[in-house]
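Open the structure in your viewer and keep the selection tool handy. We'll go from stop to stop, picking residues and looking at what surrounds them.

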Amino acid sequence: MEIRKLFIGESPPLHLLLLADPSREMVEEYLEKGTCFVAERDRQILGVYVLMQKGPDMMEIKNIAVDENHHRKGIGRQLIGHAVGYARDQGSELLEIGTGNSSIGQLALYQKCGFRIVGVDVDFFTNHYSEAIFENGIQCQDRIRLSRRIR
Ligand code: ACO
């Protein structure tokens, strides 16, 4: 599997990006401001992530998603490993990622990849999304912010 930047003029895999964030508006904003990487095997896009500069020595993974038929095969972990390497090469010291309070699997993955919880934006999702989001029988209300030192 190859992880690479989107080619110039190549369409981003919106169907995957929308798995991670139901707001098309937010997704378009990340794509405009950040850099989009895709995981490709046999000319099929299996995963995606978008990385954004947040400060002189800090980057953030704004969106990460893997094709639903390929979950739990280690692709998410490989995408995060790639983001760590890329952000480090760009001179970043910290890599951040955020997710909802109801995203239990995502919180497990990020902590297994070395991220620590550094903050909670209370009511972020209730304030920024028009539709209520439920996962694992829990309402997604708060954004959990996680961070990893990468050098
Ligand atoms: N439940 C519990 N643990 C999990 C889960 C889960 N649903 N998913 C991953 N993990 C943990 C496990 O320990 C797993 O290892 P194991 O399978 O050996 O037990 C480890 O993380 C590595 O998992 P991967 O196989 O690398 O993860 P995957 O390729 O399935 O991708 C992802 C994870 C990207 C979260 C995927 O489930 C997905 O696309 N979900 C929908 C979109 C989404 O929610 N994206 C994140 C939103 S937040 C943001 O974008 C910043």
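With which residue's side chain does the side chain of Glu40 make a polar contact? Select Glu40 and look for Arg4: the two side chains make a polar contact at 3.2 Å. (A polar contact is a pair of N or O atoms within 3.5 Å; within protein, one must be able to donate a hydrogen and the other to accept it, and residues adjacent in sequence count only if both atoms are side-chain atoms.)

Before moving on, a word about what's on screen. This is a predicted model, where local features need pLDDT of at least 70, side-chain atom pairs count only at pLDDT 80 or more, and totals for chains, interfaces and linings use all residues. Residues are numbered from 1 along each chain as its sequence is written, and side-chain values use heavy atoms, with hydrogens and water left out.

**Still at Glu40**

Glu40 sits in strand β2. (Helices, H or I with at least four residues, and strands, E with at least two, are DSSP runs numbered from the N terminus.) Glu40 counts as buried, at 18% relative accessibility. (Buried means under 20% relative accessible area, exposed over 50%, and partly exposed in between, with a 1.4 Å probe and protein chains only.) Leaving out residues up to four places away in sequence, Glu40 touches Met1, Glu2, Arg4 and Ile45; contact here means heavy atoms within 4.5 Å.

**Around the loop to Arg43**

Now pick Arg43, in the loop between β2 and β3. Arg43 is exposed, at 80% relative accessibility. Check its backbone too: phi is positive, about 65°, although Arg43 is not a glycine. Most residues other than glycine have a negative phi. Asn136 also has a positive phi without being a glycine, at about 50°. You'll find Asn136 in the loop between β7 (134–135) and β8 (138–139), exposed with a relative accessible area of 55%.

**Into the core**

Next, select Tyr49, Leu51, Ile61 and Leu95, the residues with the most contacts inside the largest nonpolar core, which has 26 residues. (A nonpolar core is a set of buried Ala, Val, Leu, Ile, Met, Phe, Trp, Tyr and Cys residues joined through side-chain atoms within 4.5 Å.) The elements giving two or more residues to this core are β2 (35–41), β3 (44–55), β4 (58–66), α3 (75–89), β5 (94–100), α4 (104–112) and β9 (143–149). Which element gives the largest share? Colour α3: the largest share, seven residues, comes from there.

Zoom in on Leu95. Beyond residues up to four places away in sequence, Leu95 touches a set that includes Leu51, Ile61, Val84, Phe115 and Leu146. There is also a second, separate core of 14 residues, with Met26, Tyr30, Phe124 and Phe125 among them.

**Rings**

The structure holds four aromatic pairs. (Rings of Phe, Tyr and Trp, the last by its six-membered ring, pair if their centres lie within 6.5 Å; planes under 30 degrees apart count as stacked, over 60 as edge-to-face and the rest as tilted.) Show Phe37 and Tyr86, an edge-to-face pair with 4.8 Å centre to centre and 70° between the planes. Phe37 lies in strand β2 and Tyr86 in helix α3, so this pair ties together parts that are 49 residues apart in sequence. Phe37 is buried at 2% relative accessible area, and Tyr86 is buried too, at 18%.

Then go to Phe124 and Phe125. Their ring centres are 5.1 Å apart and their planes at 80°, so this pair is edge-to-face. Both residues are buried.

**The ligand**

Show the ligand and the 24 residues around it; Ile64, Gly76, Arg77, Gln106 and Lys112 come nearest. (A residue is near a molecule if one of its heavy atoms lies within 4 Å of it.) A backbone N or O atom of Arg72 is 2.8 Å from a ligand oxygen atom. A polar backbone atom of Arg77 also lies 2.8 Å from an oxygen atom of the ligand, and for Ile75 the distance is 3.5 Å. Taken alone, the ligand exposes 970 Å², and the protein buries 78% of that. (Accessible areas come from the Shrake-Rupley method with a 1.4 Å probe; for residues, only the protein chains shown count as cover.)

**Last stop: Asn101**

Finish in the loop between β5 and α4, where Asn101 lies. A polar atom of the Asn101 side chain is 3.0 Å from the backbone oxygen of Gln139. The backbone nitrogen of Gln141 lies 2.7 Å from a polar atom of that Asn101 side chain.
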